[in-house]
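I opened the file to look up a few things and wrote down what I found. The entries below follow the order in which I checked them.

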Amino acid sequence: ILQYNRDNYDVVTAYIKEKERTFADCKNDPLFSPIPIYSANRKLKKILNLPTGKQDNADRKYEDLISQLFASLLYPHLDFAESQSRIDSGTQIRDLIFYNNRSIEFLDEIFNIYGSTQLILEMKNVQTVKREHINQLNRYLSNQFGDFGIIITRNPLPKAMLQNTIDLWSGQRKFINKLL
């Protein structure tokens, strides 16, 4: 490489000048296009009208609609990573993952406090969130992802499950929150 650079100094210099001149033209291409607000409202209405549970594949529809909606709602502050992300052995499936690009102060705090390079969102289309649901998300929180996770469900957490999230915070410094 050094010999090529010596022999072709003018070509290399011209190439560098051209790249420096046009660097502003380089922009990241998003992996998806955000959906318009009317489409987001339609998706939210579909989510709210789905039955809880697994009947008629409602759980899968719920996850698909939430993934599409949140990818747009959180853009550009969180980079959409993947839905239904499996670990190498395939035994654990994380419903929705976003890369934490730390673009705003809140996300920077999540990174600094919880070590979350990626945010895990676990979607539960259930009538009542149970201990097993919270423990599942807790197992996903690790050094690789950090200690910040979100359960997305339509119904309020029962008092005992809210206490469970508080206990996780006080015992392990893991933060689990509920949305929607």
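How many salt bridges does the structure hold? I counted five salt bridges. I note at the outset that this is a predicted model.

I looked up Glu18 and found a salt bridge with Arg21, where the closest N and O atoms are 2.7 Å apart. Both residues sit in helix 2 (residues 9-22), and because they are three residues apart there, about one helical turn separates them. I then checked accessibility. Glu18 has 35% relative accessibility, so I list Glu18 as partly exposed. Arg21 has 59% and therefore goes down as exposed.

**Entry: Arg102 and its partner**

Which residue forms a salt bridge with Arg102? I found Asp108, with 2.8 Å between the closest N and O atoms. Arg102 comes out as partly exposed at 36% relative accessibility.

**Entry: Lys124 and Glu122**

I looked up a further salt bridge, between Lys124 and Glu122, and noted 3.4 Å for the closest N and O atoms. Are these two residues buried or exposed? Lys124 has a relative accessible area of 11%, which puts Lys124 in the buried class. For Glu122 I read 1%, so Glu122 is buried as well. The cut-off I applied for buried is under 20% relative accessible area.

I also traced shared partners among the salt bridges: Arg60, Glu63 and Asp64 are joined into one network in this way.

**Entry: helix 3 against helix 4**

I turned to the packing of helix 3 (residues 37-49) on helix 4 (residues 58-73). The angle between them is about 155°, and their axes lie 10 Å apart. Because angles over 145 degrees count as roughly antiparallel, I describe helix 3 as roughly antiparallel to helix 4. The handedness of the crossing of these two helices is left-handed.

Which residues meet where helix 3 packs on helix 4? From helix 3 I listed Ala40, Lys43, Leu44, Lys46 and Ile47. On the helix 4 side I listed Tyr62, Leu65, Ile66, Gln68 and Leu69. I sorted this contact by class and got seven nonpolar residues, one polar residue and two charged residues.

**Entry: Asn164**

Where is Asn164 placed? I found Asn164 in helix 7, which covers residues 159-172.

**Entry: the whole chain**

Last, I went over the protein as a whole. I counted seven helices and five strands. Reading along the sequence, I wrote the pattern down as α-α-α-α-β-β-α-β-α-β-α-β. The protein has 180 residues, and 35% of them count as buried. I also looked at contacts between residues at least 6 apart in sequence, and of these, 60% join residues at least 24 apart.

How values were computed. Residues are numbered from 1 along each chain as its sequence is written. This is a predicted model: local features need pLDDT of at least 70, side-chain atom pairs count only at pLDDT 80 or more; totals for chains, interfaces and linings use all residues. Side-chain values use heavy atoms; hydrogens and water are left out. Helices (H or I, at least four residues) and strands (E, at least two) are DSSP runs, numbered from the N terminus. Axes are lines fitted to C-alpha atoms, for helices over the stretch in contact, and angles run from 0 to 180 degrees between N-to-C directions. Angles under 35 degrees count as roughly parallel, over 145 as roughly antiparallel, 65 to 115 as roughly perpendicular and the rest as oblique. A crossing is left-handed if the near helix is turned anticlockwise from the far one by less than a right angle, and right-handed if clockwise. Contact means heavy atoms within 4.5 Å. Ala, Val, Leu, Ile, Met, Phe, Trp, Tyr, Cys and Pro count as nonpolar, Asp, Glu, Lys and Arg as charged, and the others, Gly among them, as polar. A salt bridge is a side-chain nitrogen of Lys or Arg within 4 Å of a carboxyl oxygen of Asp or Glu. Buried means under 20% relative accessible area, exposed over 50%, partly exposed in between (1.4 Å probe, protein chains only).
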